[in-house]
Amino acid sequence: MIRPFDLRDVSLIQRLAGQARPLALEWVAVEGVSPLREAMRAYLSRGHDGTVVLVERSPAHGVEAFGLMQTSATSGEPSDGSHPRGAVIVMMSPRPDTHEYVEAWGYLVHEFVVEAAARGLHHIVAEAAEGSSEWLALHAASFAPLIQQDVLKLSPGRSLEAAPHVPGLREQTKDDEPGVRALHARLAPKMTYHAELSFDALGASTRRDHGFVFVHGSEMLAHIAIHQGRRGYGLQLRFRPEAEPFAESILRCVLAHHTRHAQRPVYVTVRQHHSWLLPILDRLGFTHIASNVLMVRHIARHVQQPVWSQTLELETATVRRTHPASYELPAEGARSIEHVPNLPTHLHHP
């Protein structure tokens with residue numbers, strides 16, 4: 001049986017926390033996600049803060065599992081570029097290395113879809129190494145692979161040579177936000193844009209420490225954001241190919257300015273359309289820690305009212321407005337459409 005976490009499940013979370021598989025690797029590393037802490041937060045807030053923790057107990061099959069999902073929007077928020085309508089599965093436990101646990105992951109994903117649909121969300125995203133048991137379990141649960149990505153880490157204490165200031169590089173202001181969104185929309189493939197937006201919103205949920213933009217010839221060519229978490233920093237990079245000659249100087253300048261006295265590691269996720277940045281990050285001291293695939297499962301919204309019924313209501317209202325004198329109420333008990341005068345004949349029942 002699958003249900004939301006409650007106090008009876010504390011021991012289960014404690015037992016399975018060490019076997020949890022991260023499905024949002026950078027965010028888990030930056031935030032130092034504690035499953036029990038997140039479960040208690042979800043229990044106390046009843047999901048209003050966007051955290052959803054589900055637990056599965058199946059004594060008959062000896063299966064115990066849990067999953068943690070973070071939503072990036074609630075049903076009351078507007079659906080625009082600044083409020084992504086998606087959710088991210090942050091982690092699930094234990095590893096799906098048997099048929100029973102693959103099924104358990106599938107049941108948990110199904111309940112996450114139900115919860116996301118109730119919140120008016122459009123999709124759920126997660127990441128896993130291609131061909132791994134996690135990837136196979138998500139694929140069996142109807143997740144589709146979207147784009148390859150690499151996760152890199154800059155260890156604390158790495159001293160970077162101070163780079164001269166790059167003309168056009170400045171700190172981000174609130175007025176730059178439309179330009180930053182337009183830059184992302186221009187860089188990301190159309191098929192992956194909304195999934196990337198929902199996945200990147202996890203980093204934006206932490207406190208933003210610094211943001212920088214690079215403007216060259218009155219055009220924004222790059223955006224760098226650094227988010228501070230409990231265990232480290234998350235680096236978010238968006239570079240147009242035209243900025244390649246300046247990329248290393250920009251990154252060296254930003255990192256030297258920000259991590260000079262930092263005692264925490266810096267993580268960055270580089271997607272396939274930014275793969276030309278990998279040699280530059282390697283020269284800056286970043287080490288490769290994982291390669292995975294961003295995956296998505298779309299959510300189909302249920303039909304609340306047939307379209308034809310709304311059309312019929314609109315055309316009836318039009319008749320009322322255009323022919324008020326000829327419109328007479330039908331006799332008592334007669335409520336069918338045939339009693340409405342001057343209604344277009346194509347709407348009459350056969």
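The largest cavity comes out at a volume of about 350 Å³. A total of 24 residues line this largest cavity, and those closest to its centre are E26, D200, L235, Q236 and T269. The model is a predicted one, so side-chain atom pairs count only at pLDDT 80 or more, while totals for linings use all residues.

At least two lining residues of the largest cavity come from each of α2 (25–31), α6 (177–187), α7 (193–204), β11 (233–239) and β12. Sorted by class, the lining of the largest cavity splits into 10 nonpolar, nine polar and five charged residues.

Q236, one of the residues closest to the centre of the largest cavity, belongs to strand β11. Its relative accessible area is 14%, so Q236 counts as buried, the cut-off being under 20%. Its side chain makes a polar contact with the side chain of R238, at 3.3 Å. Once neighbours within four places in sequence are set aside, Q236 is in contact with D200, H223, I224, A225 and H227; D200 also turns up in the list of residues closest to the centre of the largest cavity.

Then there is Q263, which sits in the loop between α8 (244–258) and β12 (266–271). Q263 has a relative accessible area of 64% and is therefore exposed, the cut-off here being over 50%. Along the chain, Q263 and R231 are 32 residues apart, and their C-alpha atoms are separated by 9.7 Å.

Notes: Residues numbered from 1 in each chain as written. Predicted model: local features only at pLDDT ≥ 70, side-chain atom pairs only at ≥ 80, totals over all residues. Heavy atoms only, no water. Helix = DSSP H or I, 4+ residues; strand = E, 2+ residues; numbered from the N terminus. Buried < 20%, exposed > 50% of the residue type's maximum accessible area, 1.4 Å probe, protein only. 1 Å grid on protein atoms, 1.4 Å probe; cavity = no way out; pocket = protein on both sides within 12 Å on 5 of 7 lines; lining within 4 Å. Points joined across faces, edges and corners; volume = space filled by probe spheres on them. Nonpolar A, V, L, I, M, F, W, Y, C, P; charged D, E, K, R; others polar. Polar contact = N/O pair within 3.5 Å; in protein donor to acceptor, adjacent residues only side chain to side chain. Contact = heavy atoms within 4.5 Å.
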